[in-house]
Amino acid sequence: MNPSTGRQSGIDPRALWIVTFAFILTVTSFGKYEISRLTPLFLYPVAMTAFYGLPLKELGKRILLVLPFILLVGLFNPVFDRRAVLEAGGFSLSGGWVSFISIVLRSLLAVSSAILLVLVSPFDRLCLGLEKMRVPRVLVTQLQFLHRYLLLLKGEAQRMIRAHHLRCPVNRPKIPMEVASSMIGSLLLRAVDRATRIHWAMLVRGFDGEIRLQRPLSFSWARDGSFAAAWGLFFLLSRFVDLPGILSGWVLAR
Amino acid sequence: MSHHFLEVQDLSYTYPDGTEALKGLSFRLEHGEAVGVVGANGAGKSTLLLALAGLVDPSGGIVNVGGTILGKKTVGEVRKRMGFLFQDPDDQLFMPTVFEDVAFGPANQGLSPEEVSNRVRQALEDVGAIGLAERQSHRLSGGQKRSVAIATVLSMLPDILVMDEPSSGLDPKGRRRLIGLLARFTHTRLVATHDLDLVMEVCPRTIVLHEGCLAADGPTRKIFGDQKLLETCHLERPLCMQGECR
């Protein structure tokens, strides 16, 4: 178990990829004014987070990073679409606002599923899963390199920030803009240098364009197949049956 | 057997900024020989090793590894024979777990998974890091990283071992284990280091680099006994010799 990311999944990465793709496909297939029928789909991230003991803070932090982009996508909808589509008790909501809320919800669902995918399985195993699913090796290797480069960039940035803070007289100092800009420049140069050295280390150990992992994947129909089938069934149900409608009808009838 | 020799003739290298790092170096290591490369910071030790592995293109000269002249077409062949340990273990470790990192080289040699696994276990046992096999490489301490980095090289069973500062970051027990390993390794060894005591114990012959030039090449004890040479090259006697009269 990784304390920072919770329990790692024993599910085959191919099953995880299939479920994630199916989830994103389901989420994006809803109409632009759909809100209530999206709500059952929140069960997937909630169940995965709870089952694998993932830290909500970590998940929340990562979602916050992409939130501005999500908001930006739907920002102009309320301006351009002012037609009232929802009226209740003298209060009306324009189509723009409904579609904006729908975009935000769908984006949050899609982004959280992608984050969960990376949190519950090591990235290299996910890449191996992609390779086994016949995704071109060139693409998979590029993904692996990109992942390593980002980790490397993060490590170098942390070192530089620590070095800066240690030479500042105040606790948790702010980095002035002119210093930050020069730090970003040297960060990129340092990251490229380190990436070059790592590439050399790979070359001297016989790297030929393929990263060969030693832990083979084993797809178990009982475990992985049923995992994918159960979630797939739930997604289909959520897409084609109005679960919130049925539930509210049932509650009102009682 | 003479196929594990290493010969360098008139090797030169100039960095893109114009700094001459190597200036016409020539030497030869015979099969099974253990040679230390010493010199002050910036003397050209690391650059020399990088040039031997074909990681930087020399501006002149020849590198001959066991009869194969190092060039663009032969660099793969040379690297199969040569195990290279980098100065910074963070450069050497790039896989998610220690096991995968040590297995990276043997897997690229086309060995079966069982053979790879055996090699990994043996190499990790040799460096005293078998307990780290399932750990994440980037979460190890500096000394543990160094031990695992050495294992990544040993697992490939190289004919020629080229190491850049192999003892840096190791605790005394780890260093002692490394000395034992290097002493047991029967093939050709080239060790660039500031750890002169390690050189005294492992390498009967020493090459001294100074400002990119070959300042001296000879028996280790004789080199470290030459006070004038050591002072010129910004070195000092190993601790084990400091009690001896100058």
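In this predicted model, helix 1 (residues 13–28) of chain A packs against helix 5 (residues 95–120) of chain A, with axes that come within 9 Å and cross at roughly 175 degrees. Anything over 145 degrees counts as roughly antiparallel, so helix 1 of chain A and helix 5 of chain A fall into that class. On the helix 1 side of chain A, the contact is made by A:Leu16, A:Thr20, A:Phe23, A:Ile24, A:Val27 and A:Thr28. Helix 5 of chain A brings in A:Arg106, A:Leu109, A:Ala110, A:Ser113, A:Ala114, A:Leu117 and A:Val120. Sorted by class, this helix pair's contact has nine nonpolar, three polar and one charged residues.

Stepping back to the whole chain, chain A splits into two domains. Domain 1 of chain A is made of two segments, 3–121 and 215–245, while domain 2 of chain A runs over 144–204. Taken over C-alpha atoms, the centres of domain 1 and domain 2 of chain A sit 33 Å apart.

Then there is the partner chain. The contact between the chains takes 18 residues from chain A and 22 residues from chain B. On the chain A side, helix 8 (residues 177–204) supplies the largest share, eight residues. The side of chain A that touches chain B has nine nonpolar, two polar and seven charged residues.

As for confidence, the predictor gives the complex an ipTM of 0.86 and a pTM of 0.76. Chain B has a mean pLDDT of 92, and 98% of its residues reach 70 or more.

How values were computed:
Residues are numbered from 1 along each chain as its sequence is written. Chains are lettered from A and ligands numbered from 1 in the order in which they are written. This is a predicted model: local features need pLDDT of at least 70, side-chain atom pairs count only at pLDDT 80 or more; totals for chains, interfaces and linings use all residues. pLDDT is the predictor's confidence in each residue, from 0 to 100. Two residues are in contact if their C-beta atoms, placed from the backbone, lie within 7 Å. Helices (H or I, at least four residues) and strands (E, at least two) are DSSP runs, numbered from the N terminus. Ala, Val, Leu, Ile, Met, Phe, Trp, Tyr, Cys and Pro count as nonpolar, Asp, Glu, Lys and Arg as charged, and the others, Gly among them, as polar. Domain bounds come from an automatic or database domain assignment. Axes are lines fitted to C-alpha atoms, for helices over the stretch in contact, and angles run from 0 to 180 degrees between N-to-C directions. Angles under 35 degrees count as roughly parallel, over 145 as roughly antiparallel, 65 to 115 as roughly perpendicular and the rest as oblique.
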